[in-house]
Amino acid sequence: MCKICENILSFRKNTNITCGNLYTLDKEPAENLQSISGFIHYNYCPFVRFRIALCFYSQRHTKPGSLICFDNPEKNPYLQYWKYTSLMPDAMIDTHCHIYLPQFQTDIHPVLDRAAQAGITDIMMPAIDFGSLKQMDALGHPHIRFHKMIGIHPCDVDGSQGDSGSQAGLEEQLLEKGSAGEIIAIGETGLDYYWSREHIAAQQESLRQHCQAAKALDKPVILHNRDSTEDLLDIIGEQQDGRLRGIWHCFNGTPAQGRRALDLGLYLGIGGVVTFKNAGVDRVVADMPPDRLVLETDAPYLAPVPMRGKRNEPSYIKFTAEKLSELFDISLEETDRITTENARRLFRCQDPSFTGKVM
Ligand SMILES: [Zn+2]
């Protein structure tokens, strides 16, 4: 048994916490946070699977600093207030993951268990088309919050996405579907001149409508880009009126393009490509400010080294995080903390209305 599990056991013994009981600590909250964050951190120790959570936001039964201990989180109503991520030094958010796709159909449960054990607390799911929402709804895991987005992937844009078979009305549809509280962002949209040169004008128009919907809804826009960087940044520049925020997902630009994106208010999504030896993305990323980077997998695509070429999954995000630690010469915990804070800031996870779907 590891040292931390011993601590948890003695902590449980000393405080007589039994599973499912609510226990309010009598020390000052700040002190409690410090002493308990260690337990939270090792929440997923593979040897002893105790689940302990601090409950900050429970409105009825607890006050800040209260501790809830439960071995059966699936049945615990307090889970919806489970906002412990800021206390987990190795908590990570996968800001771009197509976990709802058929590639995960046969082994979704072990995939999500591995994600939770790796420290992933939240998975942000970009849509490919309006049908994606239904696939997303089928997902659940007791330790992971799933967040939906609405949008049309540029490779799926053929100019017929709006009402009446044209793009007219696309923005209205995005506004209508995107206004639901459970929709965390608009995307993914963007441009892809590699796979689809046929509908370039339609892609650009779609991107504009996504940006307008994102601004009106005050939600981030998630941007895909392939062989189209200058056009993408031009359109973002044209759309930026102070209200647009978002992520250039799977960032692979030059230093100048990266800086231009930052100036335009974008965050950079860092995925498996940063670990590829021949891509050169690592050297560019090393020049970017860490407080504007977020982690992502883009699973099932673009698995990082040493899994390159395999099906990507959320738990592999740790390889990307390790690469970032190396590039910035900081600890892995520091990388996780910074990138998680960035994602929480961008997606407004601190907002009390932010709950996501835990089950
Ligand atoms: Zn994607």
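**Group meeting: helices and sheet in a predicted model**

Hi everyone, let me start with a helix pair: H5 and H6 pack at about 35 degrees, and their axes lie 9 Å apart. Those axes are lines fitted to C-alpha atoms, for helices over the stretch in contact, with angles going from 0 to 180 degrees between N-to-C directions. Helices here are DSSP runs of H or I with at least four residues, strands are E runs of at least two, and both are numbered from the N terminus.

A word on the source: this is a predicted model, where local features need pLDDT of at least 70, side-chain atom pairs count only at pLDDT 80 or more, and totals for chains, interfaces and linings use all residues. Residues are numbered from 1 along each chain as its sequence is written.

Back to our pair. On the H5 side, the contact is made by Leu170, Glu171, Leu174, Leu175 and Gly178; H6 brings Ser206, Gln209, His210, Gln212, Ala213, Ala216 and Leu217. For contact, the C-beta atoms of two residues, placed from the backbone, must lie within 7 Å.

H6 (residues 200–217) has another partner, H7 (residues 229–239), at an angle of about 35 degrees and with the axes 10 Å apart. This crossing of H6 past H7 is right-handed. Gln204, Leu207, Arg208 and Cys211 of H6 meet Asp231, Ile235 and Gln239 of H7.

Now, the sheet. In what order do the eight strands of the open sheet stand? The order is S4-S5-S6-S7-S8-S9-S10-S11, with parallel pairing; two strands pair if DSSP finds at least two bridges between them. Strand S4 (92–94) and strand S11 (293–295) are at the edges with a single partner strand each, so one side of each has no neighbour in the sheet. From one strand to the next, the twist averages 30 degrees.

Zooming in, S6 (residues 145–150) and S7 (residues 183–192) run parallel and are joined by three bridges. Lysine 148 is opposite isoleucine 183 in S7. And here H5 returns: this helix (residues 170–178) lies across S6 and S7, at about 150 degrees to S7.

To finish, the whole chain: eleven helices and eleven strands. Of its 359 residues, 41% count as buried, that is, with 20 or more other C-beta atoms within 10 Å of their own, the C-beta atoms being placed from the backbone. Thanks, everyone!

Notes:
Left-handed = near helix turned anticlockwise from the far one by under 90°. Buried ≥ 20, exposed ≤ 12 C-beta atoms within 10 Å, placed from the backbone.
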